[in-house]
Amino acid sequence: EKNKQLQRIYGLAFESKEKLVEYLHMMEEAEKRDHKKLGRELDLFSFHPEAPGSAFWHPKGMIIWNELEKFGKSIRKKYGNLEIQTPQLAKSILWKTSGHWDHYKDDMFYFDVEKETYCLKPMDCPFNIKIYQTRQRSYKELPIRYTEIGRVMRNEKSGQLNGLLRVRTITQDDAHIFAMESQVEEEIVSLLKMVKEYYQVFGIEPEFYLSTRPDNFLGEIPTWDKAETDLKNALSKEKIKYELKEKDGAFYGPKIDIDMKDALERRWQLATIQLDFQLPQRFELEYVTSDGSRQVPVIIHAAIFGSLERFMGILIEHTGGNLPIWLSPIQAVVIPVSEENFGAYAKTVETRLIASGIRTEIDNSKESLGKKIRDAEKQKIPYMLVVGQKEMESDSVAIRRRGDKKQDVMKVDEFVEKIKEEIKEKK
Ligand SMILES: [Zn+2]
(Lines give C-alpha, C1' and ligand atoms only; values in the text may rest on other atoms or scores of the structure.)
Protein backbone atom coordinates (compact mmCIF):
# COMPACT_ATOMS: atom_id res chain seq x y z
CA GLU A 1 0.00 0.00 0.00
CA LYS A 2 2.98 2.23 0.43
CA ASN A 3 3.71 2.03 -3.28
CA LYS A 4 2.59 4.94 -5.29
CA GLN A 5 -0.11 4.07 -7.75
CA LEU A 6 1.23 3.75 -11.24
CA GLN A 7 -0.51 5.07 -14.24
CA ARG A 8 0.28 3.83 -17.68
CA ILE A 9 0.67 6.52 -20.30
CA TYR A 10 0.96 5.78 -24.01
CA GLY A 11 2.77 8.09 -26.34
CA LEU A 12 4.14 8.29 -29.85
CA ALA A 13 7.58 9.68 -30.56
CA PHE A 14 8.81 11.08 -33.85
CA GLU A 15 12.31 11.54 -35.21
CA SER A 16 11.59 15.10 -36.19
CA LYS A 17 8.94 17.77 -36.21
CA GLU A 18 8.42 17.11 -39.93
CA LYS A 19 7.63 13.44 -39.22
CA LEU A 20 5.07 14.48 -36.61
CA VAL A 21 3.43 16.91 -39.04
CA GLU A 22 3.39 14.18 -41.66
CA TYR A 23 1.74 11.79 -39.22
CA LEU A 24 -0.93 14.29 -38.18
CA HIS A 25 -1.62 15.04 -41.81
CA MET A 26 -2.03 11.33 -42.50
CA MET A 27 -4.48 10.92 -39.63
CA GLU A 28 -6.52 13.85 -40.87
CA GLU A 29 -6.45 12.51 -44.43
CA ALA A 30 -7.52 9.04 -43.21
CA GLU A 31 -10.51 10.56 -41.46
CA LYS A 32 -11.52 12.49 -44.58
CA ARG A 33 -11.20 9.34 -46.67
CA ASP A 34 -13.09 7.07 -44.25
CA HIS A 35 -15.20 4.91 -46.55
CA LYS A 36 -18.13 4.83 -44.09
CA LYS A 37 -18.31 8.62 -44.12
CA LEU A 38 -17.88 8.84 -47.90
CA GLY A 39 -20.39 6.04 -48.44
CA ARG A 40 -22.98 8.16 -46.64
CA GLU A 41 -22.04 11.46 -48.28
CA LEU A 42 -21.98 9.97 -51.78
CA ASP A 43 -25.14 7.93 -51.13
CA LEU A 44 -23.46 4.61 -52.03
CA PHE A 45 -24.42 2.22 -49.24
CA SER A 46 -25.68 2.04 -45.68
CA PHE A 47 -25.59 -0.24 -42.67
CA HIS A 48 -28.51 -0.87 -40.34
CA PRO A 49 -28.59 -2.12 -36.76
CA GLU A 50 -31.13 -4.79 -37.73
CA ALA A 51 -28.56 -6.43 -40.03
CA PRO A 52 -25.10 -5.89 -38.51
CA GLY A 53 -22.22 -6.57 -40.87
CA SER A 54 -24.26 -6.56 -44.07
CA ALA A 55 -24.17 -3.61 -46.45
CA PHE A 56 -27.29 -2.25 -48.15
CA TRP A 57 -26.34 -1.03 -51.59
CA HIS A 58 -27.98 2.15 -52.88
CA PRO A 59 -28.50 2.88 -56.61
CA LYS A 60 -25.22 4.79 -56.96
CA GLY A 61 -23.27 2.14 -55.09
CA MET A 62 -24.79 -0.52 -57.35
CA ILE A 63 -23.42 1.28 -60.40
CA ILE A 64 -19.88 0.93 -59.05
CA TRP A 65 -20.58 -2.65 -58.01
CA ASN A 66 -21.88 -3.64 -61.43
CA GLU A 67 -18.99 -1.97 -63.25
CA LEU A 68 -16.49 -3.86 -61.09
CA GLU A 69 -18.31 -7.13 -61.60
CA LYS A 70 -18.50 -6.59 -65.37
CA PHE A 71 -14.80 -5.74 -65.51
CA GLY A 72 -13.80 -8.78 -63.43
CA LYS A 73 -15.99 -11.14 -65.43
CA SER A 74 -14.58 -9.92 -68.75
CA ILE A 75 -11.01 -10.63 -67.63
CA ARG A 76 -11.96 -14.02 -66.19
CA LYS A 77 -13.58 -14.91 -69.48
CA LYS A 78 -10.47 -13.91 -71.40
CA TYR A 79 -8.45 -16.34 -69.25
CA GLY A 80 -10.78 -19.24 -69.92
CA ASN A 81 -12.87 -19.15 -66.73
CA LEU A 82 -16.38 -20.60 -66.93
CA GLU A 83 -19.02 -18.85 -64.89
CA ILE A 84 -21.21 -20.84 -62.52
CA GLN A 85 -23.60 -20.06 -59.69
CA THR A 86 -24.21 -22.15 -56.60
CA PRO A 87 -26.67 -22.02 -53.64
CA GLN A 88 -26.41 -20.24 -50.29
CA LEU A 89 -27.48 -23.15 -48.19
CA ALA A 90 -26.53 -26.80 -47.75
CA LYS A 91 -26.92 -29.59 -45.21
CA SER A 92 -24.16 -29.91 -42.66
CA ILE A 93 -23.06 -33.21 -44.23
CA LEU A 94 -21.41 -31.25 -47.04
CA TRP A 95 -19.44 -29.18 -44.55
CA LYS A 96 -18.50 -32.31 -42.64
CA THR A 97 -17.03 -33.77 -45.80
CA SER A 98 -15.18 -30.56 -46.61
CA GLY A 99 -13.82 -30.27 -43.07
CA HIS A 100 -15.37 -26.85 -42.46
CA TRP A 101 -17.72 -28.30 -39.83
CA ASP A 102 -14.73 -29.44 -37.73
CA HIS A 103 -12.39 -26.54 -38.32
CA TYR A 104 -14.57 -23.56 -39.10
CA LYS A 105 -17.94 -24.12 -37.41
CA ASP A 106 -17.64 -21.14 -35.06
CA ASP A 107 -17.44 -18.85 -38.05
CA MET A 108 -20.49 -20.35 -39.73
CA PHE A 109 -24.22 -19.72 -39.42
CA TYR A 110 -26.24 -22.90 -39.03
CA PHE A 111 -29.73 -23.87 -37.95
CA ASP A 112 -32.20 -26.71 -38.07
CA VAL A 113 -34.73 -27.22 -40.84
CA GLU A 114 -37.04 -30.26 -40.74
CA LYS A 115 -34.84 -31.90 -38.10
CA GLU A 116 -31.69 -31.47 -40.14
CA THR A 117 -28.87 -28.98 -39.69
CA TYR A 118 -28.27 -26.61 -42.57
CA CYS A 119 -25.41 -24.15 -42.98
CA LEU A 120 -25.13 -20.88 -44.84
CA LYS A 121 -22.07 -21.23 -47.01
CA PRO A 122 -18.93 -19.58 -45.66
CA MET A 123 -17.01 -20.55 -48.82
CA ASP A 124 -17.85 -21.57 -52.37
CA CYS A 125 -15.34 -24.39 -52.77
CA PRO A 126 -17.48 -27.43 -51.85
CA PHE A 127 -20.26 -26.27 -54.17
CA ASN A 128 -17.84 -25.85 -57.08
CA ILE A 129 -16.64 -29.36 -56.34
CA LYS A 130 -20.19 -30.71 -56.56
CA ILE A 131 -20.39 -29.44 -60.13
CA TYR A 132 -17.03 -31.06 -60.99
CA GLN A 133 -18.42 -34.33 -59.62
CA THR A 134 -21.52 -34.40 -61.78
CA ARG A 135 -19.76 -36.59 -64.33
CA GLN A 136 -16.56 -38.46 -64.99
CA ARG A 137 -13.72 -36.12 -65.93
CA SER A 138 -10.94 -36.87 -68.37
CA TYR A 139 -7.43 -35.42 -68.47
CA LYS A 140 -8.47 -33.94 -71.82
CA GLU A 141 -10.84 -31.43 -70.18
CA LEU A 142 -8.41 -30.27 -67.53
CA PRO A 143 -7.82 -27.63 -66.37
CA ILE A 144 -11.44 -26.78 -65.61
CA ARG A 145 -11.70 -23.21 -64.35
CA TYR A 146 -14.94 -22.38 -62.60
CA THR A 147 -15.58 -18.83 -61.52
CA GLU A 148 -18.40 -17.60 -59.35
CA ILE A 149 -19.47 -14.31 -57.83
CA GLY A 150 -20.25 -16.09 -54.61
CA ARG A 151 -22.14 -14.58 -51.74
CA VAL A 152 -20.94 -16.17 -48.53
CA MET A 153 -21.90 -15.59 -44.89
CA ARG A 154 -19.46 -15.66 -42.01
CA ASN A 155 -20.23 -15.27 -38.37
CA GLU A 156 -17.74 -12.48 -37.62
CA LYS A 157 -17.94 -11.30 -34.03
CA SER A 158 -20.04 -8.14 -33.80
CA GLY A 159 -17.20 -6.26 -32.10
CA GLN A 160 -14.95 -6.88 -35.08
CA LEU A 161 -17.28 -5.64 -37.78
CA ASN A 162 -15.91 -2.58 -39.56
CA GLY A 163 -17.85 -0.96 -42.40
CA LEU A 164 -17.14 -2.69 -45.69
CA LEU A 165 -13.75 -3.91 -44.48
CA ARG A 166 -15.11 -6.55 -42.14
CA VAL A 167 -18.59 -7.84 -42.95
CA ARG A 168 -20.78 -10.88 -42.43
CA THR A 169 -22.20 -10.90 -45.94
CA ILE A 170 -19.21 -11.24 -48.24
CA THR A 171 -19.27 -11.33 -52.02
CA GLN A 172 -16.23 -13.06 -53.43
CA ASP A 173 -15.00 -13.04 -57.00
CA ASP A 174 -14.03 -16.63 -56.57
CA ALA A 175 -12.50 -19.21 -58.86
CA HIS A 176 -11.65 -22.87 -58.46
CA ILE A 177 -9.34 -24.46 -60.95
CA PHE A 178 -9.24 -28.24 -61.18
CA ALA A 179 -5.90 -29.20 -62.70
CA MET A 180 -3.37 -31.97 -63.07
CA GLU A 181 -0.21 -31.50 -61.02
CA SER A 182 1.73 -30.96 -64.23
CA GLN A 183 -0.50 -27.99 -65.08
CA VAL A 184 -0.10 -26.10 -61.82
CA GLU A 185 2.85 -23.91 -62.82
CA GLU A 186 1.21 -22.77 -66.05
CA GLU A 187 -2.07 -22.03 -64.28
CA ILE A 188 -0.28 -19.95 -61.65
CA VAL A 189 1.55 -17.98 -64.36
CA SER A 190 -1.77 -17.21 -65.97
CA LEU A 191 -3.33 -16.19 -62.63
CA LEU A 192 -0.40 -13.87 -61.93
CA LYS A 193 -0.86 -12.24 -65.34
CA MET A 194 -4.51 -11.81 -64.51
CA VAL A 195 -3.74 -10.22 -61.14
CA LYS A 196 -1.51 -7.66 -62.84
CA GLU A 197 -4.16 -6.92 -65.43
CA TYR A 198 -6.81 -6.33 -62.76
CA TYR A 199 -4.81 -4.02 -60.54
CA GLN A 200 -3.06 -2.00 -63.22
CA VAL A 201 -6.45 -0.48 -64.11
CA PHE A 202 -6.77 0.93 -60.60
CA GLY A 203 -3.19 2.19 -60.50
CA ILE A 204 -2.51 -0.33 -57.74
CA GLU A 205 1.02 -1.67 -57.39
CA PRO A 206 0.54 -5.22 -56.07
CA GLU A 207 3.01 -6.77 -53.61
CA PHE A 208 3.47 -10.54 -53.59
CA TYR A 209 4.11 -12.99 -50.77
CA LEU A 210 4.74 -16.69 -50.97
CA SER A 211 3.68 -18.72 -47.94
CA THR A 212 5.21 -22.17 -47.53
CA ARG A 213 4.54 -25.41 -45.63
CA PRO A 214 3.43 -24.86 -42.02
CA ASP A 215 4.24 -27.20 -39.15
CA ASN A 216 0.70 -28.57 -39.01
CA PHE A 217 0.63 -29.51 -42.71
CA LEU A 218 -1.40 -32.35 -44.13
CA GLY A 219 -0.20 -34.53 -47.00
CA GLU A 220 3.17 -35.65 -48.30
CA ILE A 221 6.37 -33.61 -48.20
CA PRO A 222 7.37 -34.31 -51.86
CA THR A 223 3.95 -32.99 -53.02
CA TRP A 224 4.47 -29.84 -50.98
CA ASP A 225 8.00 -29.36 -52.30
CA LYS A 226 6.84 -29.76 -55.88
CA ALA A 227 3.99 -27.28 -55.34
CA GLU A 228 6.25 -24.70 -53.73
CA THR A 229 8.70 -25.03 -56.61
CA ASP A 230 5.84 -24.54 -59.09
CA LEU A 231 4.77 -21.36 -57.33
CA LYS A 232 8.35 -20.04 -57.21
CA ASN A 233 8.89 -20.83 -60.88
CA ALA A 234 5.66 -19.11 -61.85
CA LEU A 235 6.63 -15.99 -59.89
CA SER A 236 10.05 -15.84 -61.48
CA LYS A 237 8.65 -16.48 -64.97
CA GLU A 238 6.45 -13.43 -64.48
CA LYS A 239 9.52 -11.54 -63.13
CA ILE A 240 7.67 -10.85 -59.90
CA LYS A 241 9.60 -9.86 -56.80
CA TYR A 242 8.12 -11.46 -53.72
CA GLU A 243 8.71 -11.93 -50.07
CA LEU A 244 8.84 -15.37 -48.54
CA LYS A 245 6.63 -16.12 -45.55
CA GLU A 246 8.13 -19.34 -44.26
CA LYS A 247 5.65 -21.80 -42.73
CA ASP A 248 2.75 -19.42 -43.30
CA GLY A 249 0.83 -21.54 -45.81
CA ALA A 250 -2.56 -23.09 -45.07
CA PHE A 251 -2.47 -26.63 -43.69
CA TYR A 252 -3.82 -27.87 -47.03
CA GLY A 253 -1.34 -26.19 -49.39
CA PRO A 254 1.05 -23.29 -50.10
CA LYS A 255 -0.29 -19.92 -51.30
CA ILE A 256 0.52 -16.58 -52.85
CA ASP A 257 -0.98 -13.53 -51.14
CA ILE A 258 -1.23 -10.21 -52.87
CA ASP A 259 -1.26 -6.95 -50.94
CA MET A 260 -1.40 -3.32 -51.95
CA LYS A 261 -0.23 -0.09 -50.38
CA ASP A 262 -2.83 2.65 -50.63
CA ALA A 263 -2.39 6.41 -51.12
CA LEU A 264 -1.72 6.75 -47.38
CA GLU A 265 0.86 3.94 -47.43
CA ARG A 266 -1.45 1.61 -45.54
CA ARG A 267 -1.17 -2.04 -46.48
CA TRP A 268 -4.21 -4.15 -47.42
CA GLN A 269 -4.49 -7.76 -48.34
CA LEU A 270 -6.43 -8.31 -51.55
CA ALA A 271 -6.06 -11.42 -53.66
CA THR A 272 -5.01 -14.89 -52.71
CA ILE A 273 -4.02 -17.85 -54.85
CA GLN A 274 -4.03 -21.11 -52.89
CA LEU A 275 -3.08 -24.61 -53.83
CA ASP A 276 -5.16 -27.31 -52.23
CA PHE A 277 -4.36 -31.04 -52.04
CA GLN A 278 -6.84 -31.78 -49.28
CA LEU A 279 -10.30 -30.97 -50.61
CA PRO A 280 -9.80 -33.15 -53.74
CA GLN A 281 -9.03 -36.08 -51.45
CA ARG A 282 -11.82 -35.41 -48.98
CA PHE A 283 -14.33 -35.38 -51.85
CA GLU A 284 -12.55 -38.26 -53.61
CA LEU A 285 -12.19 -36.29 -56.82
CA GLU A 286 -10.59 -37.93 -59.79
CA TYR A 287 -9.97 -37.77 -63.48
CA VAL A 288 -9.14 -40.44 -66.01
CA THR A 289 -5.56 -40.23 -67.33
CA SER A 290 -4.37 -41.06 -70.85
CA ASP A 291 -3.61 -44.66 -69.83
CA GLY A 292 -7.05 -45.11 -68.30
CA SER A 293 -5.91 -44.93 -64.66
CA ARG A 294 -7.46 -42.64 -62.05
CA GLN A 295 -5.69 -39.61 -60.61
CA VAL A 296 -6.61 -36.95 -58.07
CA PRO A 297 -6.65 -33.38 -59.42
CA VAL A 298 -5.29 -30.34 -57.56
CA ILE A 299 -7.59 -27.43 -56.75
CA ILE A 300 -6.39 -23.84 -57.02
CA HIS A 301 -8.56 -21.29 -55.18
CA ALA A 302 -8.19 -17.81 -56.64
CA ALA A 303 -10.07 -14.68 -55.61
CA ILE A 304 -8.65 -11.53 -57.20
CA PHE A 305 -10.64 -8.64 -55.75
CA GLY A 306 -10.90 -10.84 -52.69
CA SER A 307 -14.25 -9.60 -51.49
CA LEU A 308 -16.11 -6.98 -53.50
CA GLU A 309 -17.25 -5.24 -50.31
CA ARG A 310 -13.74 -4.96 -48.97
CA PHE A 311 -12.25 -3.98 -52.33
CA MET A 312 -14.78 -1.17 -52.65
CA GLY A 313 -14.03 0.05 -49.13
CA ILE A 314 -10.31 0.09 -49.87
CA LEU A 315 -10.80 1.72 -53.28
CA ILE A 316 -12.95 4.49 -51.78
CA GLU A 317 -10.29 5.23 -49.16
CA HIS A 318 -7.43 4.93 -51.67
CA THR A 319 -9.06 7.43 -54.07
CA GLY A 320 -10.71 9.54 -51.37
CA GLY A 321 -13.98 8.93 -53.25
CA ASN A 322 -12.54 10.40 -56.47
CA LEU A 323 -13.26 7.26 -58.43
CA PRO A 324 -12.02 6.92 -62.01
CA ILE A 325 -14.56 8.02 -64.61
CA TRP A 326 -15.56 4.51 -65.65
CA LEU A 327 -16.59 3.75 -62.06
CA SER A 328 -18.15 7.12 -61.17
CA PRO A 329 -21.90 6.77 -60.58
CA ILE A 330 -22.42 10.19 -62.21
CA GLN A 331 -19.83 10.92 -64.88
CA ALA A 332 -20.91 14.44 -65.85
CA VAL A 333 -23.25 17.10 -64.51
CA VAL A 334 -24.66 19.86 -66.69
CA ILE A 335 -24.89 23.19 -64.87
CA PRO A 336 -26.83 26.02 -66.50
CA VAL A 337 -25.59 29.49 -65.47
CA SER A 338 -29.23 30.37 -65.01
CA GLU A 339 -32.16 27.98 -65.09
CA GLU A 340 -34.57 30.39 -66.85
CA ASN A 341 -32.30 31.27 -69.75
CA PHE A 342 -30.28 28.15 -70.31
CA GLY A 343 -32.28 25.35 -68.66
CA ALA A 344 -33.67 24.15 -71.98
CA TYR A 345 -30.25 24.06 -73.65
CA ALA A 346 -28.79 22.25 -70.61
CA LYS A 347 -31.55 19.66 -70.99
CA THR A 348 -30.63 18.99 -74.65
CA VAL A 349 -26.97 18.53 -73.66
CA GLU A 350 -27.97 16.10 -70.91
CA THR A 351 -30.17 14.13 -73.34
CA ARG A 352 -27.35 13.84 -75.89
CA LEU A 353 -24.88 12.63 -73.28
CA ILE A 354 -27.29 10.05 -71.87
CA ALA A 355 -27.99 8.83 -75.40
CA SER A 356 -24.24 8.23 -75.76
CA GLY A 357 -24.21 6.06 -72.66
CA ILE A 358 -22.70 8.68 -70.33
CA ARG A 359 -24.18 8.77 -66.83
CA THR A 360 -25.30 12.39 -66.70
CA GLU A 361 -27.30 14.59 -64.37
CA ILE A 362 -28.49 18.16 -64.62
CA ASP A 363 -28.38 20.65 -61.76
CA ASN A 364 -31.58 22.66 -62.15
CA SER A 365 -31.57 24.11 -58.65
CA LYS A 366 -31.99 27.82 -58.04
CA GLU A 367 -28.59 27.96 -56.33
CA SER A 368 -25.74 30.19 -57.47
CA LEU A 369 -23.24 28.87 -60.00
CA GLY A 370 -20.55 28.77 -57.32
CA LYS A 371 -22.75 26.69 -55.03
CA LYS A 372 -23.64 24.27 -57.83
CA ILE A 373 -19.96 23.74 -58.61
CA ARG A 374 -19.17 23.18 -54.95
CA ASP A 375 -22.00 20.63 -54.74
CA ALA A 376 -20.70 18.76 -57.79
CA GLU A 377 -17.19 18.78 -56.31
CA LYS A 378 -18.58 17.36 -53.09
CA GLN A 379 -20.30 14.60 -55.04
CA LYS A 380 -16.90 13.90 -56.71
CA ILE A 381 -18.38 14.13 -60.20
CA PRO A 382 -15.50 13.98 -62.72
CA TYR A 383 -16.91 16.51 -65.22
CA MET A 384 -18.91 19.69 -64.63
CA LEU A 385 -20.32 21.18 -67.81
CA VAL A 386 -21.28 24.81 -67.38
CA VAL A 387 -23.58 26.26 -70.04
CA GLY A 388 -24.48 29.92 -70.61
CA GLN A 389 -25.03 32.30 -73.55
CA LYS A 390 -21.72 31.67 -75.31
CA GLU A 391 -21.99 27.88 -75.01
CA MET A 392 -25.62 27.83 -76.18
CA GLU A 393 -24.76 29.87 -79.28
CA SER A 394 -21.83 27.63 -80.22
CA ASP A 395 -23.34 24.23 -79.30
CA SER A 396 -20.63 23.76 -76.70
CA VAL A 397 -19.98 23.31 -72.98
CA ALA A 398 -17.47 24.90 -70.61
CA ILE A 399 -15.72 21.93 -68.98
CA ARG A 400 -14.37 21.87 -65.47
CA ARG A 401 -12.60 18.76 -64.27
CA ARG A 402 -13.02 17.59 -60.71
CA GLY A 403 -10.43 19.28 -58.51
CA ASP A 404 -9.32 21.68 -61.24
CA LYS A 405 -10.35 25.34 -61.49
CA LYS A 406 -9.42 25.62 -65.16
CA GLN A 407 -12.26 25.79 -67.65
CA ASP A 408 -12.09 24.64 -71.30
CA VAL A 409 -14.77 25.25 -73.86
CA MET A 410 -15.49 22.36 -76.18
CA LYS A 411 -18.16 21.42 -78.73
CA VAL A 412 -20.68 18.99 -77.24
CA ASP A 413 -19.88 16.31 -79.83
CA GLU A 414 -16.19 16.67 -79.21
CA PHE A 415 -16.71 16.30 -75.46
CA VAL A 416 -18.84 13.19 -75.97
CA GLU A 417 -16.03 11.58 -77.98
CA LYS A 418 -13.42 12.57 -75.40
CA ILE A 419 -15.30 11.20 -72.39
CA LYS A 420 -16.34 8.03 -74.22
CA GLU A 421 -12.68 7.37 -74.98
CA GLU A 422 -11.72 7.96 -71.34
CA ILE A 423 -14.42 5.56 -70.15
CA LYS A 424 -13.30 2.94 -72.65
CA GLU A 425 -9.67 3.34 -71.58
CA LYS A 426 -10.82 3.01 -67.94
CA LYS A 427 -9.23 6.32 -66.94
ZN1 LIG B 1 -12.19 -21.96 -52.39
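Helix α7, residues 184-200, contains 17 residues and spans 24 Å from its first C-alpha to its last, close to the 24 Å expected at 1.5 Å a residue; the expected span is 1.5 Å times one less than the number of residues. Helices (H or I, at least four residues) and strands (E, at least two) are DSSP runs, numbered from the N terminus. Please note that this is a predicted model, in which local features need pLDDT of at least 70, side-chain atom pairs count only at pLDDT 80 or more, and totals for chains, interfaces and linings use all residues. Residues are numbered from 1 along each chain as its sequence is written, and side-chain values use heavy atoms, with hydrogens and water left out.

Is α7 enclosed or open? Of its 17 residues, 12 are buried, so α7 is largely enclosed by the rest of the structure. Buried means under 20% relative accessible area, exposed over 50%, and partly exposed in between, with a 1.4 Å probe and protein chains only. Among the buried residues of α7 are E185, E187, Y198 and Y199.

On a 1 Å grid over the protein atoms alone, a cavity is a set of points where a 1.4 Å probe fits but cannot get out; a pocket is an open set with protein on both sides within 12 Å along at least five of seven lines, and lining residues have an atom within 4 Å of a point. Grid points are joined across faces, edges and corners, and a volume is the space filled by probe spheres set on the points.

The largest pocket holds about 1100 Å³ of space. Its lining has 41 residues, and those closest to its centre are Y104, M123, R154, Q172 and Q274. Strand β12 contributes the most to this lining, with 5 residues. By class, the lining of the largest pocket comprises 16 nonpolar, 14 polar and 11 charged residues, where Ala, Val, Leu, Ile, Met, Phe, Trp, Tyr, Cys and Pro count as nonpolar, Asp, Glu, Lys and Arg as charged, and the others, Gly among them, as polar.

The whole structure also has 2 cavities of 30 Å³ or more. The largest cavity has a volume of about 90 Å³. G72, K73, R76, I149 and D173 are the closest to its centre among its 14 lining residues. Helix α3 supplies the largest share of that lining, 5 residues, and the lining divides into 5 nonpolar, 2 polar and 7 charged.

Next, the rings. Rings of Phe, Tyr and Trp (its six-membered ring) pair if their centres lie within 6.5 Å; planes under 30 degrees apart count as stacked, over 60 as edge-to-face and the rest as tilted. That rule gives 22 aromatic pairs. F305 and F311 have ring centres 4.6 Å apart and planes at 45°, so this pair is tilted. Both F305 and F311 are buried.

Finally, the backbone. L142 and P143 are joined by a cis peptide bond, with omega about 0°. P143 lies in the loop between α6 and β7. K239, in the loop between α8 and β10, has a positive phi near 50° without being a glycine.
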